[in-house]
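Reader: I would like to learn how to read the way in which two chains meet, and then how the parts within one chain meet. Could you take me through it step by step?

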There are 2 protein chains.
Amino acid sequence: MNGAQALIRTLVDSGVDVCFTNPGTSEMHFVAALDAVPRMRAVLGLFEGAVTGAADGYARMAGGPAAALLHLGPGLGNGLANLHNARRGGVPVVAIVGDHATWHRGRGAPLESDIETIARNVSRWIRSAGAPTAVGADAAAAVAAALGPPGQVATLIVPADVSWGDGGVVAPAVAPSTRRVVPDELVEDVAAVLRTDGPALLLVGGTVPADPAALDAAGRVAAATGARVLSEVFPTRLARGAGVAPVERLAYFPEDALAQLDGLAHLVLVEVDAPVSFFAYPDHDGLLVPGGCEVHTLAAPADDGAAALIALADVLDAPASARADAARPGRPAGALDAAAVAAAVGALLPEGAIVSDEALTSAVPLPAATAGAPPHDWLTTTGGAIGQGLPAATGAAVACPDRRVLALQADGSAMYTLQALWTQAREGLDVTTVIYNNGAYEILAVEMARVAAERAGPRALELFDLTGPRLDFVALAAGMGVPATRAETADELTRQLDAALATPGPTLIDALVPRLT
Amino acid sequence: MNGAQALIRTLVDSGVDVCFTNPGTSEMHFVAALDAVPRMRAVLGLFEGAVTGAADGYARMAGGPAAALLHLGPGLGNGLANLHNARRGGVPVVAIVGDHATWHRGRGAPLESDIETIARNVSRWIRSAGAPTAVGADAAAAVAAALGPPGQVATLIVPADVSWGDGGVVAPAVAPSTRRVVPDELVEDVAAVLRTDGPALLLVGGTVPADPAALDAAGRVAAATGARVLSEVFPTRLARGAGVAPVERLAYFPEDALAQLDGLAHLVLVEVDAPVSFFAYPDHDGLLVPGGCEVHTLAAPADDGAAALIALADVLDAPASARADAARPGRPAGALDAAAVAAAVGALLPEGAIVSDEALTSAVPLPAATAGAPPHDWLTTTGGAIGQGLPAATGAAVACPDRRVLALQADGSAMYTLQALWTQAREGLDVTTVIYNNGAYEILAVEMARVAAERAGPRALELFDLTGPRLDFVALAAGMGVPATRAETADELTRQLDAALATPGPTLIDALVPRLT
């Protein structure tokens, strides 16, 4: 058995049986080994950003990692932005990066690069496999490292001669660490804080927003103490919909977040660090915790926040949580805009849907319109690196073939990793994509208005304009084998969405919406 | 004047008046400053790989750098592969990477990353601007560093508060270093070597292949001594065509390169390091210099190789060089394959054309078919990171608006940075793209056959198959505003190419060619 076979067999034995990949020459023996290990499913992406984003989306829904097989430093570079998002989201990913044969390193071959250095930005666990005999054990260690807690990107660099060399040994799975159980005394301390006067807020992140039981416990704490509950700005996965304890998200812009946090006496953190704003601005220093607010960590990111919340609710002898009522908006009519798209989504979202949300400025009306839809999961761009939405939808669909995936996607950011559509077509994935085609980098136009409106002349604003030429997503989708339609009215959008959600395989709707600015 | 204005004014004063960009929030003040400095042309790309590849292609043709404006670590990551190619090609690029405000760094904001660490893979010169008063001087230093010699990627990290802060000071241009003149004694030594017996070969790289006078001098040396001349595998820019001294390229596969170098007694390096193969293989260690061959460095990569070659030819009292005769193949007829495309290109290539070649396996017949075409320049994928061809064509067209650019592009690698087509449409660039659509990662199928044919089963080979679904480049191009046609016969291809080369603005031909394997 060569090293590549030992590597793949070990991955499968460790529970990693999907490999998203865009391989190159140094990965040929890994690819050749796939036929020897039919339990490993290889899913091809046409660009590494689509591969790593799919691995991220897969793990968010599967609960365990996929592998992402990449080609040397440039391949890792191409996949880095979505690994950044995975890192920020605490999502387990096993990144396997092929390298030159050990003796060919350092000779200045054209594709030579420092893979470890590139990986350092997204991985705390990095190992270069040294021998076919050990690469199985390396793989088992990588899977355990990826699982955390918290989940992380584990990078295993595999030189070509380690793949092709004989003597491969399959290693047994390594048991991952478990989340630390929060001590009773800490729960009691936080309960005491919440029983005192002063406005309090629970900020929940990590794995908590994905867990309806944890959200329910947070809701019970709120019902018992009057504390409010917010999730981090971009939760990795947020369970919501009718019957689920509702939780709002911290706002993106600092002035909105400050308004949410204004006047707080106590901020209780659950699997999340104290919040700072996405960006600092000339008139805003980027800090969000109000002066005088005490910050209490109930659960650090590696702790079991769900259990801590349940314990806290029990200690407080808390009543039942509020739950979202079942409620859908009516089917929208008239002009098509982001609010109409949100209403159509709210009206039609199927039970158990997975929403991949990279709608950016168009996302604002979505939470309210979908709050009472049947239970569903919501995935966001955890690290702020755009180009995550379509790949994550792709990976989520691989993880959950029985659930409908709905990608709500801004036009500009769609163009970073549009190649994901081809993988959806190739794999026949049930993904419905709605492109909010406003012909603009609208978030940048908004940001410009916030920071430098007085200096933004026509040459600056031109850089946010995507109408010369306007992107035709119907043609782009067709070019990759995904059937697509264009919607120009709310009624068209609603009828097309209704049909798309009932159609097996991927479809795309190019929804022409107006700009905000 | 704020820092951003000082930065842009300094760049322009230093000769950098084109900025390829995909900006984000941290770059808003740079964008806002564009209206104050109309001499700076900003060219928008929809993905950072298209931006950095365009900056690379621009500099190859302009001789000096463009700026590439990128957004934090993820933006740099997205652009890293083509910066890798620029690094390998010794191409000057000024990469400007926006960062968080200085005080917002280290707080764990979602987009925080270690930009310097990512940049280290492609840049030896990296600086983080510290103050608006100094960012002008930083920019002038970056331009000088980018110019080398040899050319390189200089990375200037600009925190947002350095951009928006007042007190910006425009700095004067910094004179770049000049190339070292090779000492007469070294030229004499090499002349003595070449006068002795034993087969000798000049391997030329760096700026030499771009310079017809340098190639002519190499040809004179060959005429005087019987030495052969080869260029490095993937020259940054190769001048060729009728009337130019012809130079073949070192072969890609090691067995072919070894055949070229077999039996050599002397290898003379001119602006290039001793060659190693792209990859090592189980049956090939990756070394190319034959045992017993003496290696002589006439000019290191930072030396003036052209002057050294001219001096060498003069010392040898060399006769005139051979020159390529004017000769074009006939217009091809019959079935469409890579040879027919090559013949059509040879038959129609306009004088002064710039060819951006990322045709990979389909490129094999191109050199012979175009050897006698009117003089033209040939750009290659210097670092082996695919996704360079379309962006480089875009940048070359910005640099040379009076010349026709022809992008000869494999289908699989086109999909990495296809967004470049949109920039071509937006800017109205005279770029004609021919996609060799063989529905496969054919280079990988070839590599698999070389290394592991006996183990490559159907599941492995499936990963090289791009026909399920087949990419429709006519639709993809139309989606980005580039008119396109499909060619299924040699005659269709030739007529379409003839028309496309006479059409202002970008066009694309989706040429359906058969696989090799």
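Author: Begin with the surfaces that the copies use: 100% of the interface residues of chain A are also interface residues in chain B, so the copies meet through the same surface, where two residues are in contact if their C-beta atoms, placed from the backbone, lie within 7 Å. This is a predicted model, in which local features need pLDDT of at least 70 and side-chain atom pairs count only at pLDDT 80 or more, while totals for chains, interfaces and linings use all residues. Residues are numbered from 1 along each chain as its sequence is written, and chains are lettered from A and ligands numbered from 1 in the order in which they are written.

Reader: How many residues of chain A are in contact with chain B, and which helix gives the largest share?

Author: On chain A, 79 residues are in contact with 79 residues of chain B. The largest share of that side of chain A, 8 residues, comes from helix 4 (residues 72-89) of chain A, a helix being a DSSP run of H or I with at least four residues, numbered from the N terminus.

Reader: What rotation superposes chain A on chain B?

Author: A rotation of 180° with 0.0 Å of shift along its axis does this, with an RMSD of 0.0 Å, superposed by least squares on the C-alpha atoms of residues with pLDDT of at least 70 in both. The two copies are thus related as by a two-fold rotation axis.

Reader: Into which domains is chain A divided?

Author: An automatic or database domain assignment divides chain A into domain 1 (3-164), domain 2 (184-315) and domain 3 (338-512). In chain A, 26 residues of domain 1 are in contact with 26 residues of domain 3, and helix 3 (48-62) of chain A gives the most to the domain 1 side, with 11 residues.

Technical notes: Helices (H or I, at least four residues) and strands (E, at least two) are DSSP runs, numbered from the N terminus.
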